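Biologist: I have a model open and want to learn how to read its packing. Can we go through it feature by feature?

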Amino acid sequence: MMKDLVQIDFDDYQLPETIRFGCVTINSFDTLPVKSLVLHPQDTRAVAVIGSDPRGGNDHIKVCVYRFPEILGKFDRPFEGDVEWDKSSKFKKPCKIDGLPLDPGMLALEQVPSDWQHEVYAPSKSWIFHVYRCSDAAVTVRYVLGQGKMLECQLFLDFARLLSLELDQWVVDKPELTLKPRTDVVDLSLTDEVVEELRDGIERAYQHLDLVPGQIAGKALISAINDFVDLQIKEGIKKKLAIDLAVDLGSLWGQVLCEESGWEWRSIADGNDQAVYCVANPERSYCISPTHFLLRMLQLKGPDAENTTLLTYNMLNYPDHLDAPPGAYRWIG
């Protein structure tokens, strides 16, 4: 992934009221029918792709912002190169848009200073490309239609009305986002009966490992579980035994994560799914079912099997690179 690239799926996050990148400001962004945003803000060039579909398959808008004169000295004239690529077409004449001859006012930005130069191109009937330029900056806007009519697309119409240009700013900061509240998650403490079963599983796990409680702890104990799993993969294991071992080893694996990193045993139901006994971090950013995870490891086969029992523990015990926001309930494994 490119450095500073931000990819946002608004199924998970609330739409921010305002988006800023480069010299562009989009007020009332939260009123747009937007599903996704890809943002790559840099010191001399900022790019945003705004879509009605998180996979980019439907209507979307690509905005490129260029800062002069720095951009011309630092790169190989990317503004001119981008423009030539975007406006190029196999057609000798501009395509008609919704059956109408191309007009500069079609989806033109409404808040552009009068001294900016403006050009418009239509390389295809589902593609309008606007170019705005002054002595200090340039902005290109590419509208790409997935279906329907260009001039009736609500995303395009609202975008053209809301975007403004502010030459006294050049924003490279990532937007501040708020996670949508998860109303579909039921997060409960374990019952006394389940806690007792967990203790029994931990006791049996020590027996499988030929260890006694307190003999080793932390990462060393997880390494012992990892080695035991490696042995089972190598020798082969029947399904019934794999399930039993996953319950026992998973109980111990999850308990170590709780003791070393402050994770908690919980009963979590996500949406309409059945509740799962799992461990979750205090912020509820992530959760994992140790039993399901260890079962998947134990059922690996062949010399190329990748046992990640220790690797996953390390990832969760040192989570600097895990970036899910609080309350996301992202499942691992």
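Biologist: Which residue stands opposite Cys 287 in β14?

Modeller: Strands of a sheet pair through backbone hydrogen bonds, either parallel or antiparallel. Here Ala 280 stands opposite Cys 287. This is a predicted model: local features need pLDDT of at least 70, side-chain atom pairs 80 or more, while totals for chains, interfaces and linings use all residues. Numbering starts from 1 along each chain as its sequence is written, and side-chain values use heavy atoms, without hydrogens or water.

Biologist: How many bridges join β13 to β14?

Modeller: Two bridges join β13 (residues 276–280) to β14 (residues 286–288), and the strands run antiparallel. Pairing needs at least two DSSP bridges. Strands are DSSP E runs of at least two residues, helices H or I runs of at least four, numbered from the N terminus.

Biologist: What is the strand order in the open sheet?

Modeller: The order is β11-β12-β13-β14-β15, with mixed pairing. β11 (185–188) and β15 (330–331) each have a single partner strand, so one side of each lacks a neighbour in the sheet. α6 packs on the sheet and touches β12 (264–270), β13 and β14 (contact: heavy atoms within 4.5 Å).

Biologist: At what angle do the axes of α5 and α6 cross?

Modeller: Axes are lines fitted to C-alpha atoms, for helices over the stretch in contact; angles run from 0 to 180 degrees between N-to-C directions. α5 (residues 218–235) and α6 (residues 239–261) cross at roughly 160°, with axes within 10 Å. They are therefore roughly antiparallel (over 145 degrees). Among the contacting residues are Phe 228 in α5 and Trp 253 in α6.

Terms used. Parallel < 35°, antiparallel > 145°, perpendicular 65-115°, else oblique.
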